[in-house]
Amino acid sequence: MISSVLPTYSRAPLSFVSGSGSWLVEADGRRFLDLGAGIAVNALGHAHPALTKALSDQAGALWHTSNLYEIPQQRALADRLVDLTFADTVFFTNSGTEACELAVKMARKYHFERGAPERVEIITFLGSFHGRSSAGIAAAGSEKMTHGFGPLLPGFTHLEFGDHDALNAALTDKTCAVMVEPVQGEGGIRPLPDACLKGLRDLCDAHGVLMILDEVQCGVARTGKLFAHEWAGITPDIMMVAKGIGGGFPLGAVLATEEAASGMTAGTHGSTYGGNPLGCAVGLAVLDHVAEPGFLDEVSRKAGLLRQRLEGLVAAHPDVFDHVRGSGLMLGLKCKIAPADLVNAAYAQELITVPAADNVVRLLPPLTITDDEIAQAVDRLDRAAASLS
Ligand SMILES: *Cc1c(COP(=O)(O)O)cnc(C)c1O
């Protein structure tokens with residue numbers, strides 16, 4: 001008989017009942033050190049007092065009114081994002097894949113309104129992940145995500161990640177946009193080198209093509225900058241955000257320049273829940289925290305510490321690990337064994353990690369992880385690796 005929960009996930013036999021900071025408590029009382037953070041979502045860890053307060057204060061005042069009315073929390077969060085980034089305007093969603101939907105619609109509408117309705121083709125990259133909506137799976141295009149789901153949304157060209165020659169050849173007068181993750185997450189923590197991102201920006205400019213960055217996983221301070229593209233010194237036209245921005249509350253956003261957003265006039269897009277007071281109150285608390293002076297430097301410092309310890313771990317277990325890669329606190333351990341084996345061995349050490357494609361195990365700790373917790377995490381990984389070799 002089918003499970004009452006649609007069986008689209010193969011789940012680990014763990015049920016967590018509470019959390020605090022970098023720790024999750026299992027129903028049986030075991031305390032797990034969390035280097036997954038709900039897949040890069042709990043940016044400030046579990047039960048952060050400022051987020052709990054923002055949510056419960058808002059819950060006591062007003063949950064939902066709809067976008068038929070002004071939503072002050074939404075305006076405040078949009079103002080804050082506009083202040084802190086390249087963007088002139090923001091639309092809020094409930095998830096990353098909804099952000100992908102709007103990014104695609106916005107880019108196509110931009111060209112349509114400028115008299116180039118034939119510009120619909122969006123270039124994306126192999127190994128990418130943009131969520132599970134029809135546009136999201138068509139954008140990523142992998143067999144695993146699209147198989148059996150009938151006609152795909154047309155207008156996507158998939159290229160090898162970082163192949164400039166292929167990109168040059170693929171840009172035509174039908175190209176609408178390039179959509180790329182500055183650091184691929186699900187694809188196996190594959191950072192696009194800064195020079196590539198710069199080159200991509202130049203190519204987009206030269207061809208009148210919009211640059212859409214998917215920072216759903218790598219954004220919101222994860223790499224040590226508020227958004228990962230800042231490392232390359234470029235700005236996109238449109239950016240997808242989700243995961244960390246809500247700190248665990250479902251919240252996503254599309255950020256855009258005024259120019260790129262110019263086709264999106266009243267009535268062209270909407271969402272019942274997107275930008276509701278609860279999500280935006282939490283998002284504002286997250287952003288206030290990560291934008292505090294010194295926060296990003298701390299992320300980078302701790303990332304350096306974790307990375308250094310991981311290099312030592314890789315050297316100590318050459319039969320288990322190939323190398324470490326990634327950016328900031330978005331790190332991947334490229335394995336020589338099946339990543340699921342390492343993830344399971346880590347569970348046995350009460351440590352949470354997340355598998356990814358390309359034989360990689362992801363480490364995406366809360367950005368608030370302490371030095372001591374980093375040391376404990378690496379000790380646990382060391383024991384997990386030792387149990388496998
Ligand atoms: C998780 C993710 C998405 C999809 O977000 P959902 O909230 O699961 O819809 C899109 N893009 C990237 C890069 C992601 O990591």
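Modeller: Strand β1 (residues 16-20) and strand β2 (residues 23-26) run antiparallel and are joined by four bridges. The model is a predicted one: local features need pLDDT of at least 70 and side-chain atom pairs count only at pLDDT 80 or more, while totals for chains, interfaces and linings use all residues. Residues are numbered from 1 along each chain as its sequence is written. Helices (H or I, at least four residues) and strands (E, at least two) are DSSP runs, numbered from the N terminus, and two strands pair if DSSP finds at least two bridges between them.

Next, the domain division. Domain 1 comprises 16-48 + 293-386 and domain 2 comprises 50-290; the bounds come from an automatic or database domain assignment. The C-alpha centres of domain 1 and domain 2 are 26 Å apart. Each side contributes to the contact: 28 residues from domain 1 and 28 residues from domain 2. Contact here means that the C-beta atoms of two residues, placed from the backbone, lie within 7 Å. On the domain 1 side, the elements that give two or more residues are α1 (37-40), α10 (295-316), β13 (321-327), β14 (330-335) and β17 (360-363). α10 gives the most to this side, with five residues. By class, the side of domain 1 that touches domain 2 has 17 nonpolar, eight polar and three charged residues. For these classes, Ala, Val, Leu, Ile, Met, Phe, Trp, Tyr, Cys and Pro count as nonpolar, Asp, Glu, Lys and Arg as charged, and the others, Gly among them, as polar.

Now the annotated positions. An unreviewed UniProt entry places "binding site" at G96, T97, F129, D214, E215, V216, Q217 and T272. These positions span 177 residues in sequence and the farthest two C-alpha atoms are 25.0 Å apart, so they do not all gather at one spot. UniProt positions are given in the numbering used here, feature names are shortened, and annotations may be inferred rather than shown by experiment.

G96 is in helix α4 (residues 96-113). G96 is buried, with 26 other C-beta atoms within 10 Å. A residue is buried if 20 or more other C-beta atoms lie within 10 Å of its own, exposed if 12 or fewer, and partly exposed in between, with C-beta atoms placed from the backbone. Leaving aside neighbours within four places in sequence, G96 is in contact with G131, V216, M240, A242, K243 and G252.

F129 lies in the loop between β5 (121-125) and α5 (134-140) and is buried, with 24 other C-beta atoms within 10 Å. With the same exclusion of sequence neighbours, F129 is in contact with A140, G185, E186 and G187.

K243 carries the annotation "modified residue: N6-(pyridoxal phosphate)lysine" in the unreviewed UniProt entry. K243 sits in the loop between β11 (238-241) and β12 (252-256). K243 is buried, with 28 other C-beta atoms within 10 Å. Neighbours within four places aside, K243 is in contact with I39, A40, V41, G96, V216 and Q217.

Strand β4 (residues 89-93) runs antiparallel to β12 over five bridges, with V254 as the bridge partner of F91. β11 is likewise antiparallel to β12, joined by four bridges, and V254 is also the bridge partner of M240.

Finally, the ligand. Of the 14 residues around the ligand, S95, G96, T97, G131 and Q217 come nearest; a residue is near a molecule or strand if its C-beta atom, placed from the backbone, lies within 6 Å of it. By class, this shell has three nonpolar, seven polar and four charged residues.
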